[in-house]
Every structure is written in structure tokens, then in C-alpha cells.
Amino acid sequence: MIRSILLPLDGSPFAEHALPAALGIARRSRATIHLVQVHVPQICIEGIHVFEGTLDARIRGSEQAYLEHVAHRDE
């Protein structure tokens, strides 16, 4: 029995095409869906190696907001 489904998303509409199938499987098996997105820190801008904590935090916030939007969009 399936109890948990890990659905990786990259922010593209193509990746979101997996949502209906995952929801169908989750409903039939009463599984929980976990949406994930890989965070890649921005460490190189125009060839210069940098790490800007504020920029990284904004990007993480944007990624989290996207996942929350997807998770609650069909409620």
C-alpha cells in the first residue's frame, strides 16, 4: 500500500502535469503527497563567485510560496 508520494516540482507547467496523477493515486490509496523543489544557492553571478544571504533567503521564500500555492490551489 502506498502511504506517501514525493512529487518533485521545478516551477514549470510541464512538471505540474504530474499533479493530477499523483492526486488520483493519493486519493485511492489515502496517501499523503509531499511537494518538493530542490534549492540551488546562487553562488555565481556573471562569473563572479558570491553568496548573498539576503538574495538566497528571497529565492527560498519564493520557492516556498510557489509550493504552498500549488498545494492549496485546488482546495
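Trainee: Is Glu16 buried or exposed?
Mentor: Buried, because its relative accessibility is 17% and the cut-off for buried is under 20%. Bear in mind that this is a predicted model.

Trainee: What does the side chain of Glu16 meet?
Mentor: The side chain of Arg73, in a salt bridge at 3.0 Å, N to O. Glu16 sits in helix α1 and Arg73 in the segment after α3, so the pair ties together parts that are 57 residues apart in sequence.

Trainee: And Arg73, how does that one count?
Mentor: As partly exposed, because its relative accessibility is 37%.

Trainee: How many salt bridges does a search of the whole structure find?
Mentor: The search turns up 2. Besides Glu16 with Arg73, there is one between the side chains of Asp56 and Arg60, at 3.4 Å, N to O.

Trainee: How far apart are Asp56 and Arg60 in helix α3?
Mentor: They are 4 residues apart in α3, so about one helical turn separates them. Asp56 counts as buried, with a relative accessibility of 9%. Arg60 is partly exposed, at 47%.

Trainee: Staying with α3, which of its residues are buried?
Mentor: Asp56, Glu63, Tyr66, Leu67 and Val70. Their arc around the axis is only 95°, which means they lie on the same side of α3.

Trainee: What covers them?
Mentor: The cover includes helix α1 (13-16), helix α2 (19-29) and strand β2 (32-36).

Trainee: What span should α3 have, and what does the model give?
Mentor: Helix α3 covers residues 53-72, which is 20 residues, and at 1.5 Å a residue it should span 28 Å. The C-alpha atoms at its ends are 28 Å apart, so the model agrees with that figure.

Trainee: Back to Glu63. Which side chain of opposite charge is nearest?
Mentor: Arg60, but at 6.1 Å.

Trainee: What is Glu63 in contact with, leaving aside neighbours within four places in sequence?
Mentor: Gln37, Val38 and His39. Glu63 itself belongs to helix α3.

Trainee: Changing topic: which residues of β1 are on the covered face?
Mentor: Strand β1 runs over residues 4-8, and its covered face has Ile5 and Leu7. Ser4, Leu6 and Pro8 make up the uncovered face.

Trainee: What does β1 pair with?
Mentor: Strand β2, running parallel to β1, with 5 bridges joining the two. One of the residues involved is Leu6, whose bridge partner in β2 is His34.

Trainee: How does Pro8 come out on accessibility?
Mentor: Pro8, in strand β1, is exposed, with a relative accessible area of 55%.

Trainee: How far is Pro8 from Val70, C-alpha to C-alpha?
Mentor: The separation is 12 Å, while along the chain the two are 62 residues apart. Val70 is one of the buried residues of α3.

Trainee: Where does Arg30 lie?
Mentor: In the loop between α2 and β2. Arg30 is exposed there, with a relative accessible area of 77%.

Key
Residues are numbered from 1 along each chain as its sequence is written. This is a predicted model: local features need pLDDT of at least 70, side-chain atom pairs count only at pLDDT 80 or more; totals for chains, interfaces and linings use all residues. Side-chain values use heavy atoms; hydrogens and water are left out. The expected span of a helix is 1.5 Å times one less than its number of residues. Buried means under 20% relative accessible area, exposed over 50%, partly exposed in between (1.4 Å probe, protein chains only). The arc is that of the directions from the helix axis to the C-beta atoms. Contact means heavy atoms within 4.5 Å. A salt bridge is a side-chain nitrogen of Lys or Arg within 4 Å of a carboxyl oxygen of Asp or Glu. Two strands pair if DSSP finds at least two bridges between them. Lys and Arg count as positive and Asp and Glu as negative; His and the chain ends are not counted.
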